[in-house]
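Look over the sequence and the fold before reading on.

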Amino acid sequence: MSDPWGDASRIALGRASGGRIVAAAPGAVRRTLAAAEFPAWVAAREAERPVRWVWASAGEWYPPLLAAGVRVERCHDLRLCHAILTNAVPGADLASDVDWFAADEEHAPALFELDRPSRDDLDEVLRELARQDAALATARDAGRLRLLLAAESAGALVAAEARAAGVPWDADHHAGILDDVLGPRGAGGVPRNMARLAEEVREALEDPQLSLDSPPRLLRSLRAAGLQVSSTSKWELQEIAHPAIMPLLEYKRFARLLTANGWAWLDAWVRGGRFRPIYVPGGVVTGRWAAAGGGALQIPRQLRGALRADPGWRIVDADVAQLEPRVLAAMSRDERMARAALGRDLYDGVVESGAVQTRDEAKIAVLGAMYGATTGDSGRLVPRLRRAYPRAMALVDGAARTGEEGGTVATWLGRTSPAPDEEFRRIQARASAADATAADEQRAQRSARDVGRFTRNFVVQGTAAEWALAWMADLRLRLARLPAVAPERAAPASGPAFARRAHIAFFLHDEVVVHAPEEHADAVAHALRESAAAAGRLLFGSFPIDFPLDVSIGESAAE
């Protein structure tokens, strides 16, 4: 008798009452499984022929499989893909009684009992898949959009795997850094060095009761001391010469460290030698990841030494140089800008082209072009880029104009920006009215410029996020092909799926950290570079742009 699952390229998963799981393949073949037998059944399907698992959300379905030591190669994350298609395919019928935009945590296991409509009901999963297939069929550039959905879903797998494996973290080293920088905790839990700085500020401002952690109170005290300040931001304070300013800025820096990554953070987020942040793929409108807990995307550089490999393992750290400018060159097909980047630092290449005089000027000009800066050094230098790299500048300038006019823009693979909100339209309509005032027109111009800056950056940042997804999607498959180490060499804290294998442990926009057995470190470094090149080819074909990596191998990320 033939295996009804043998030819299935996609298998949809849903939940039934009593914690059971229902799988469906094309041709109405269904199977109901107890939760306990589900991981082994998935592993058997993966061993026979990898399929694309269709589920409501990888963030909900994948962790239990990883906890059982089962990895999957591909998936289709309906929740993430629904969000992309809603904006990317205008007019597509994606209406449903189920909220496909809801965050994962809003769908707790209690809802799987199906006492009300659930996105984990198998029939709803199949209906949503059919709706998404139909939307794709009508898309203007279905090939690129299909690639984006696959990359976004692969990113969801990476996020779940990185959380399951955890970031190898030396809590003692971290605590030592806190003691060195902030000082030991004194009365009331206030670190000694912070208490000393606070007292220096109080003395300099002649305000012995001042609370430095209260911005309104601090602002009043600064003004009472004769300082004409409008806020307590460091950008304003650092321009002022007064004995209170230096200790105040240092106190604020220490306070950020204490709040974001102090002893309370250690207690909450590090267990058994692992930091397990909660990543949110597609959490930013451009497609960049966000974090729902742990602050993984904001770890200060001074704590990088705590990101430390297990004995016999290594940290392989890779980040790509000038990712967004390189993406801009490739998107715009600006060959002159691509030549400036080829095999070298892009900013140095811009200098050699004669567009600007120094590397600092090149960086200011390029970032100003992508982020819409119009004043200061950026305003002075960006026009030079328009002469040197007309195609690149035409792309971002065009995206800005589209936004200013109330339109939407799309990334290279088709992620589409949200339409301007009603407030924008109200302001523009008011400026067009017969009785509009000069103030109305100025307000409309400011509003249009704000939206234009957003769309200008959206196309570049969003495409850079797509490249990063393609990089990690390719890398995780290459890492899976490396051999497992012997059981005695395992890193148990990484969990059953990754204790014996190199794996992605950390991701930050344009940086990937792999935790690898020592003997595989060089192979991992090679895989990182090969995957970066593959991601470039996948997105941009034969266009001559490269994505060079700064790769380091060491016992900690600080190395």
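## Rings and charges

The charged end of arginine 144 sits over the ring of tryptophan 412, 3.9 Å from the ring centre. A charge counts as over a ring if NZ of Lys or CZ of Arg is within 6 Å of the ring centre and within 35 degrees of the ring normal. Lysine 234 also lies over a ring face, that of tryptophan 235. The table gives both cases.

| Charged residue | Ring | Distance to ring centre |
|---|---|---|
| Arginine 144 | Tryptophan 412 | 3.9 Å |
| Lysine 234 | Tryptophan 235 | 4.7 Å |

This is a predicted model: local features need pLDDT of at least 70, side-chain atom pairs count only at pLDDT 80 or more, and totals for chains, interfaces and linings use all residues. Residues are numbered from 1 along each chain as its sequence is written, and side-chain values use heavy atoms, with hydrogens and water left out.

Tryptophan 412 belongs to an aromatic cluster with Trp467, Trp471, Phe540 and Phe547. Rings of Phe, Tyr and Trp (its six-membered ring) pair if their centres lie within 6.5 Å; planes under 30 degrees apart count as stacked, over 60 as edge-to-face and the rest as tilted. The count comes to 13 aromatic pairs. How are the rings of phenylalanine 38 and tryptophan 61 arranged? Their centres are 5.9 Å apart and their planes are at 70°, so the pair is edge-to-face. Phenylalanine 38 lies in helix H1 (residues 38-48) and tryptophan 61 in helix H2 (residues 58-67), so the pair ties together parts 23 residues apart in sequence. Helices (H or I, at least four residues) and strands (E, at least two) are DSSP runs, numbered from the N terminus. Phenylalanine 38 and tryptophan 61 are both buried. Buried means under 20% relative accessible area, exposed over 50%, partly exposed in between (1.4 Å probe, protein chains only).

## A covered strand

Five of the five residues of strand S2 (residues 21-25) are buried. In a regular strand the side chains alternate between the two faces of the sheet. Ile21, Ala23 and Ala25 are buried on one side of S2, and Val22 and Ala24 on the other. Strand S1 (residues 10-15) runs antiparallel to S2, joined by four bridges. Two strands pair if DSSP finds at least two bridges between them. Five bridges join S2 to strand S3 (residues 29-33), again antiparallel. Isoleucine 21 has arginine 15 as a bridge partner, and leucine 33 in S3 as another. Between S1 and S2 the hairpin has five residues, and glycine 18 takes a positive phi near 70°.

## A four-stranded sheet

Four strands form an open, antiparallel sheet in the order S12-S13-S11-S14.

## Cysteines

The structure holds zero disulfides (pairs of cysteine sulfur atoms within 2.5 Å). For cysteine 75, the nearest cysteine sulfur is that of cysteine 81, 7.9 Å away. Cysteine 75 counts as buried at 2% relative accessibility. Cysteine 81 is buried too, at 0%.
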